[in-house]
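Subject: Structure handover

Hello,

Please open it first, then read my notes on the side-chain links below.

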Amino acid sequence: MHVRVLAMTLALAATPSLAAAQSPVADAFREQAASAAKRLTAAADEMPADKYSFKPTPAQMSFGDIVAHLIEGNDYLCGLVGGAKAPARAKVTGASSKDALVAQLKETFAFCDQSLAKLDDSKLSEQLPFFGGKTRSRANIMYVTVGDWSDHYSQSAIYLRLNNLLPPTAQKKP
């Protein structure tokens, strides 16, 4: 009888550490970050430098503006979710060169990899200040981030197609 009670006590004591070691939400978020990095940097590479100022209508962002927005967003969102401070970077704008924008986009996705490396599911409900307004849970901000990456890839894919280029996800694999 005592052996069963001891075994049950040990099993229950180990459960929280096992749960922390298994982080399906954080793992899925890291996978989404890696996928977004691949798609978005490939789209940025695909667009010719002379088309970075392209925008379908005057009211829309230019392609370069999208990349500059992603750079700023990656540093803010990945830093917030991962609890890390983004490194200081030279300021870029949508009018910056393609080389500067693509290089910084890649740097910010590397920062995302680094800041999200230790992310686990134990703090998904933690409330974080979001854009200086009301707080949101870490999980909510993770969903917002994945949506943001998807929105901007879709936007980039349309801009590429409007310039007679295939977006990376539409290209045939060799």
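Start with R89: this residue is partly exposed, at a relative accessible area of 22%. Please keep in mind that the model is predicted.

R89 pairs with E107 in a salt bridge, with 3.2 Å between the closest N and O atoms. R89 sits in the loop between α3 (63-82) and α4, while E107 belongs to helix α4, so the contact ties together parts that are 18 residues apart in sequence. E107 is partly exposed too, at 41% relative accessibility. There is a further partner to note. Salt bridges with shared partners join D75, R89 and E107 into one network.

In total, the structure holds five salt bridges. Two others deserve a description.

K106 and D45

Helix α4 (residues 98-116) carries K106 and helix α2 (residues 24-46) carries D45, so their pairing ties together parts 61 residues apart in sequence. The closest N and O atoms of this salt bridge are 3.8 Å apart. The cut-off is within 4 Å, so the K106 and D45 pair counts. K106 is partly exposed, with a relative accessible area of 44%. D45 is partly exposed as well, at 38%.

E126 and R138

These two side chains meet in a salt bridge at 2.4 Å, N to O. E126 lies in the loop between α4 and β1 (127-129), and R138 lies in helix α5 (residues 138-162), so the pair ties together parts that are 12 residues apart in sequence. Is R138 buried or exposed? R138 is buried, with a relative accessible area of 7%. The cut-off for buried is under 20%, so R138 falls on the buried side.

The disulfide

Which cysteines are joined by a disulfide? They are C78 and C112, with an S to S distance of 2.0 Å. The structure holds one disulfide. The link connects distant parts of the chain: C78 is in helix α3 and C112 is in helix α4, 34 residues apart. Both cysteines, C78 and C112, are buried. The angle about the S-S bond is 85°, and the link of C78 and C112 is right-handed. A disulfide is a covalent bond between two cysteine sulfur atoms.

Best wishes

Methods: Residues are numbered from 1 along each chain as its sequence is written. This is a predicted model: local features need pLDDT of at least 70, side-chain atom pairs count only at pLDDT 80 or more; totals for chains, interfaces and linings use all residues. Side-chain values use heavy atoms; hydrogens and water are left out. Helices (H or I, at least four residues) and strands (E, at least two) are DSSP runs, numbered from the N terminus. Buried means under 20% relative accessible area, exposed over 50%, partly exposed in between (1.4 Å probe, protein chains only). A disulfide is a pair of cysteine sulfur atoms within 2.5 Å.
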